[in-house]
Protein chains: 2
Amino acid sequence: MLIDDLVNEVKKKQNPCIVGLDPEWDELPNCYRQLSKSKPKPEIVLQWAKDVIDAICDIVVAVKPQMAFYEVYGAEGYRVFEEVVAYAHLKKLIVIDDSKRNDIGNTARAYAKAHLSRKGTINADFLTVSPFLGMDSIQPFVDTALTEDKGIFVLVKTSNPGSSEISDAINKKNLKISDWLGECVRAFGSQCVGASGYSAIGAVVGATFPEEAEMLRKIMRNSYFLVPGYGAQGGSAKDVVSCFNEDGLGALVSSSRGILYKYSENEEYDGSIGMYKEIVRMQTVKMQQEVYGMLKKYCKEMKY
Amino acid sequence: MLIDDLVNEVKKKQNPCIVGLDPEWDELPNCYRQLSKSKPKPEIVLQWAKDVIDAICDIVVAVKPQMAFYEVYGAEGYRVFEEVVAYAHLKKLIVIDDSKRNDIGNTARAYAKAHLSRKGTINADFLTVSPFLGMDSIQPFVDTALTEDKGIFVLVKTSNPGSSEISDAINKKNLKISDWLGECVRAFGSQCVGASGYSAIGAVVGATFPEEAEMLRKIMRNSYFLVPGYGAQGGSAKDVVSCFNEDGLGALVSSSRGILYKYSENEEYDGSIGMYKEIVRMQTVKMQQEVYGMLKKYCKEMKY
C-alpha cells in the first residue's frame, strides 16, 4: 500500500521532511533565468525542477509541486507539471500534487481522475483537497484513493494568518470546523489503514498552529498530516513536533522557500547551477536534522 | 467597466441566464463521440463547445466553462479550455472561468494571474474562488479584479446537499459563515461599484437554498450572484427569484445539464449536430422564459 511504502521510506531515510517544488520565476537563480534572457519559460521551470529533484531524491521521500506556479504558464505549464510528476516518479519519489482542487459531484470526480487516477495524465500519489463544499465533495476523491491506492490531504487547518476565520467556526454539533474536519478525515481513513497503522486519507495541518495541531493529532491518530508553514512561514522544528505521534511518524513537514531560495543568502554562492543544487541539498539536510533531532528528543516511542 | 457591460447586456438580451460548458464525455451526443470512435478526445470537446457557443451566443450574455471537465484531458484539455475562452470572447460573450481556485499568498497571486490576468493564457472575465483559507487568500484575486477590471465569484453558499456543513457554522462574531462571507464580499466589492450599481466582486449562491439566498441578497445588495443548481439540481425559477434584487438584476442563473444534455429526452432528435444545436438553443430559450417570466412577476422595480 502507498501509505506503508511512504512510512517505510521515511524510516529508511530517517526523514519526515519533504520539498515543495514552487517555481516562483523571480526567485529562481539567475543561472536559470538567463537561459531565456529572463523571459519566464516553462521549459526552464522543467529543467530547474529536474535539477532540484536530482539534488534531493536520495534523501527525501516525496516532493510537493504546487500547481499554481505551473498553471501560470497555461497549457504548457500544465504539461511541465505532468512531466515533473513523471520525473519524480522515475526517481522513485512519492508525489503530492498540491492543487487544492474541489467541486461537487461529477465535477469532483473529474478532478480526481485528472490528478490522481492512473488513467489521468498527472497520476500523482496524493492530492490536496479543499473541504468548503462539504463532505459530499470529498467523497469522489476518497473513492479514487481507495480504488486506486492513492491518497489525499484534506485542508483542515492551513498555515496562513486568515486560516482560523472559517476553521475556528462552530458547527451544529458544537464542534470547531477544524476538529469536525479531523473527525471526517478519520472516518474516511478508517476504511484503509495499512499495516503501518496509518491511512492515506490525510489532513493538511499548518506548522504555525502547534496547539491546534496537538488536538488534531489526537482526533486523527491514524491519519497522515501534510504540514506546511515550516521555516519561511514561521513554524519551527519544535512547533511541528505536535503534528507527529509518539512513534515519530504521522506527518510530512514541507518546506519550499526555505530550501529553494536560500541560495541568495549564501555568501559563497558562485552563481552556478551546480552550486545551487548543492545549496538546495544542504538546506534539505539541515531541515532533516532540525526536525529529526526534535523528534528524537520529544517522541518517546520513536520508531526510526 | 466589466460589470456595467454585463448589466447592459442582460437588459438588452432580457436574459439573466447563462450556460455552463461542462463536457461530460459520456453525456455528449453520439454525433460528437463517434468522431473519435467514442475515445474521449479534447479536440472533439473543443468542436462541441464551439457549436454550443454558436447556438446560443446571440441570446445569452455569458458562458461558464467548468475546468475539471477539461483538465481531465491533461495539458491538451487545458489548452482546449484556453481556446474555448478565446472563442467565447470572439463571439462577444463574457466568460466565467469555473475553476474554484484558491491558495495562500504568492500562490493565490499565481492562480489569479493564470486565470484572470490579461497577461495570463486564459484571460477569463470572472473566476470562481473558494474561501476556505480565509480572506487573506481572497485578497490577491480581488487585487487582480480591481487593477484589471475583472471579477470573481466567491463560494458563499453552494448548491450541493453538503454545502451547509461548513457554511452554516457560527464564527467568533456570532455570524453564520455564509452571512459573514457575504459581508466580506460586500466589503471587497464596495471599492468597485459601477454605474450600474453593481460590483464585479460577487458570490456563488445556490438556487437550491432560496431562504438563505434571500438573506444573502440583503447582505450583498450591490454584489452580483452566480446561481448554480437550476434545473437538474432541483432549483426552480421561483426559487431563484430570491437571488435577484427588485430591479430584476444582481444574479446570473447558470444551467449546464438541463441545457446541454436534454437532447436525449427529445423524441424528435434525429442524432445530427445541427438538431443538437437547435435543442440546446431551445432549452436556453425555455430557461430564459421561465426565469425572466418569474422576475417580471415578482420584481416590483424590474428594469428590463
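I began with A:Lys157, which I found in strand S5 (residues 151-157) of chain A, keeping in mind that this is a predicted model.

Is A:Lys157 buried or exposed? I noted a relative accessible area of 0%, so A:Lys157 is buried. I then looked up its surroundings: leaving out residues up to four places away in sequence, A:Lys157 touches a list of residues that includes A:Ser164, A:Asp168, A:Val204, A:Phe209, A:Glu212 and A:Leu216. A:Ser163 is also on that list, and the side chains of A:Lys157 and A:Ser163 make a polar contact at 3.4 Å.

Next I turned to chain B, where B:Ser256 lies in the loop between strand S8 (251-255) and helix H12 (257-260). Its relative accessibility is 13%, and because buried means under 20%, I wrote B:Ser256 down as buried. Which residues does B:Ser256 touch, not counting those up to four places away in sequence? I found B:Gly20, B:Asp22 and B:Tyr261, and with B:Asp22 there is a polar contact between the two side chains (3.2 Å). I also looked up B:Val63, which is 193 residues apart from B:Ser256 along the chain, while their C-alpha atoms are separated by 9.8 Å.

Last, I looked at the largest nonpolar core, which has 237 residues. The residues with the most contacts inside this core are A:Trp48, B:Trp48 and B:Tyr70. I followed up B:Tyr70 and, setting aside neighbours within four places in sequence, found it in contact with residues including B:Leu21, B:Val45, B:Trp48, B:Pro65, B:Phe81 and B:Val84. As a general reminder, I noted that nonpolar side chains tend to be buried together in soluble globular proteins.

Conventions: Residues numbered from 1 in each chain as written. Chains lettered and ligands numbered in written order. Predicted model: local features only at pLDDT ≥ 70, side-chain atom pairs only at ≥ 80, totals over all residues. Heavy atoms only, no water. Helix = DSSP H or I, 4+ residues; strand = E, 2+ residues; numbered from the N terminus. Buried < 20%, exposed > 50% of the residue type's maximum accessible area, 1.4 Å probe, protein only. Contact = heavy atoms within 4.5 Å. Polar contact = N/O pair within 3.5 Å; in protein donor to acceptor, adjacent residues only side chain to side chain. Core = buried A, V, L, I, M, F, W, Y, C linked by side-chain atoms within 4.5 Å.
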